[in-house]
Each structure stands twice: as structure tokens, then as C-alpha cells.
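Here are my notes for your read-through. Keep the model open beside them.

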Amino acid sequence: MVRIVGRFMGGVVAVACATGAASAQEQDTTIVRLQAQVEAITHELEELRLGRDVVVQADTSVLGFGPAASKVYKTPQGVSIGGYGEVLYENLAGNRQDDTPSGASDRLDALRAIVYVGYKFSDRILFNSELEFEHGSTEDGGSVSIEFAYLDYRLSPRFGVRAGLLLPPMGFINEIHEPPTFLGARRPETERVVIPSTWREAGIGVFGATGPVNYRAYLVNGFDATGFGAGGLRGGRQNGAESVAENFGAVGRVDYTGVLGLTVGTAAYVGNSGQGAVLPSDPTVDVGARTFIWDAHAEYKARGFDLRGVLAVATVDDAAELNELNGLAGAESVGERLLGWYLQGGYDVLRGSGSGHQLVPYLRYEQLNTQDEVPDGFAADPQNDRRLATVGAMWKPLPNISVKADYQILSNEAETGVNQLNVNLGYLF
């Protein structure tokens, strides 16, 4: 028998030619071996065409991003593709806290479908982006947005430069919001209205780590205070969409991660939000609207425990002038101070069972007020002084798939709170 062996793309191809009559068993063995080698070569070619992104697992967070958003950092080179999504069902109670009819309708929403697209040019330079589709269709109140799109230039493991459309690194949800990574069918309200997640602005900054300390610091486009209101700061986000850039803000974060599973840190943002606006009653007066946000955050994820706490405080200067600028009166006032905090905890009751599944019952308690203080001459709306208690469970048949169900009890000082049952299907890849 004559055997010819060749090497192609890292695999070995063997071709056997019998000089005499080979047995049927030998021929069958040779065919099976050749088929396996051809399949291996085909798989390797597919990896090369796709930049090997399909073989990278979305299983760990890198540099403050969620597991799926971090895939590009683990790709050897070339294209990386990932994503996440969630569908949310909300069943709202028929009566309010004061037993009057709520008039609320139940909702079922294809809340988000996200695609991450990245490209790793080299070990030092990469591009990463998040494309977001919300609420199923732009024809029915949905939207399509760029959630982030930036370039990293890593000068060393301790220091890098980042520029583009950035996520200010505050709290937990603003950077890591993939549904299987956090407890709760709905995101905490503190990280929606005090820290206005998801919050993105164009800018430039630095990131890195020194031992167990991680840091990020950016200069970003400021808020536009003409969007501020009694409900918080969300309306002032400019999101990189032809943003008015008369004012900028600085935001920074420091985390300690020296204990396995533990993250403890703080973050702050400061910047004017007036964007060149002047008072209608006196055009010689500029509205500065200096905005400050501070948070303290801690998380422990190890040994089956999932524990998290966030405290956030925001202040807005010139709130009375903003009310005049925005035509707000009475209880519609912009809050001079916004305050929110929550504590939550869960435990995987299937830990150590060997099933590969996770079942995490959890509790969350939250208090927040977007009008904790208002200017003289204005009133605070008691509906904005809220307390939420949530009890539920998360089942994960795989680490990247979650089914969460919880019951949320909402009360406020106006006694108009409406309780609700929430069910969320989430995934990441």
C-alpha cells in the first residue's frame, strides 16, 4: 500500500492507495477518517471567514461590559458578533394603592433585540458597537438606536484610550444590562431616573486597571436641561444625536475587585446642562444648570449568592430658572435633588445539584424620589416619592438564558401606586 500524507490549514489529510485489493473494512475505515478530516478543514475555513467570532463564548465580562458585549476583547482578530434580547409581560393590578380603579392595561412587549458588532484590528486596537431595536417596530412606538460605538487603543494592560459614543460608567445597569446578568424582570428604577440608564454620550476618555483597582474616566457631551422634568434626568440625554455641545461633562469610576466575586466602588458625573440657553424673561442671564450625579455601588456574586446595592444622588443647580425655561409650574418642577437606593439579594438553590441549571429566588427593596428637594415657590408631586418591594425568582437552564418572574408592590406618597406581576424571557450570545 502507498500512503500520501499532506498538511492543509493545520489539518492532516491522508490519502491511501492500495497496490493490491484492500479489504472492505480497511476501505470503510479510510473513508470515515477522510470525512472527519474534511469536516475539520471546513470548520476551520468557516472560522477564518467569520474572523473566528463564532467560537468565542459570551461567558465573562471585560472592562465593565457585559459578557456578550465583551466578546470582541477575547477574539484573536477580526469580526465579533454577539447580542441579547428580552420579552416582557406586565400584568397590572386593577386597583391603585387607595383602592380606586387603576385603569391600567396589561402589556406584552418585545422589549429589546440587540446586536453587538465588533472588529479587533490588533491586540492594541479594536472597535465595538451595540445596535438596539426596541419595542418590536418603529411603526408602533419602537426605535432603532446606536447604544454605543467606540474605538479602544490599549497602550498597556494598565492604560488605554477610548473614544466614540460611550456609556458613562455609573451604577451597574448602564454598562451591563444583558438580562441574564442581573436579578429582576424589570430594571431598578434608581438606575433609570436618578442614573438615567441606558445613558450614552459622545466623548473620549481613559480606562485600565492597577492590581485589583479598575478605573474609567471620560469627557462627554453634557445633558440638555430643556429635557429635565419632575420625573428625572432622562429627557436631558442627548445620545449622540446631533447633540448641542456648548457644555461638556466629566464622569469617572473606580472599582475594587480584589476579592473573588466582589465589586465595590463609586462613580461621579459633573457638568453644566444649560447648553447656552438664556432666560426668556431676561436674555442676559445664562442658565448654567450644573448637574452632579454620585453613586456608591457594591456587588457580590460567588458561592451561589447574588447580592447588590446601589445608592445614587443627583443635584441640579438653577432649577427655578429651568422651570421658567421649560414652562413648568407647581408640582411639575425640576428636582433640585434626586435620591434613590436599592438593595437586592438572591441565592441559587440548585447550587451543587449537578443539574447545570440555576434557580435563584430573590428580593429587592427600593426607595427613590426625583423631587427630594424643589426650589422655593414650587411643590413636589407626592407620586414621585416611591417605594418598591419585589419578590421573584430567576431560572437559568443555561448561563446565557434566563426566565424571570416577580411581583412588584409599588407605593407612593399620593397613594396611587399600582402593583404588577412581571415575566421576562432574556438571552445573550
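Which residue follows α4, and is its phi positive or negative?

1. Gly327 follows α4, and its phi is positive, near 70°. Helices here are DSSP runs of H or I with at least four residues, strands are runs of E with at least two, and both are numbered from the N terminus.

2. A word on the source. This is a predicted model: local features need pLDDT of at least 70, side-chain atom pairs count only at pLDDT 80 or more, and totals for chains, interfaces and linings use all residues. Residues are numbered from 1 along each chain as its sequence is written, and side-chain values use heavy atoms, leaving out hydrogens and water.

3. Look at α4, residues 319-326. Ala319, Leu322 and Asn323 are buried there (under 20% relative accessible area with a 1.4 Å probe, protein chains only). They cover an arc of only 105° around the axis, so they sit on the same side of α4; the arc is taken from the directions from the helix axis to the C-beta atoms. An α-helix has 3.6 residues a turn, so residues three or four places apart point the same way. The cover over the buried residues of α4 includes β13 (305-316).

4. Now find Gln344 in strand β14, residues 337-347. Gln344 is buried, at 8% relative accessible area. Its contacts (heavy atoms within 4.5 Å) include Leu183, Asp306 and Leu363, leaving aside residues up to four places away in sequence.

Methods
Buried means under 20% relative accessible area, exposed over 50%, partly exposed in between (1.4 Å probe, protein chains only).
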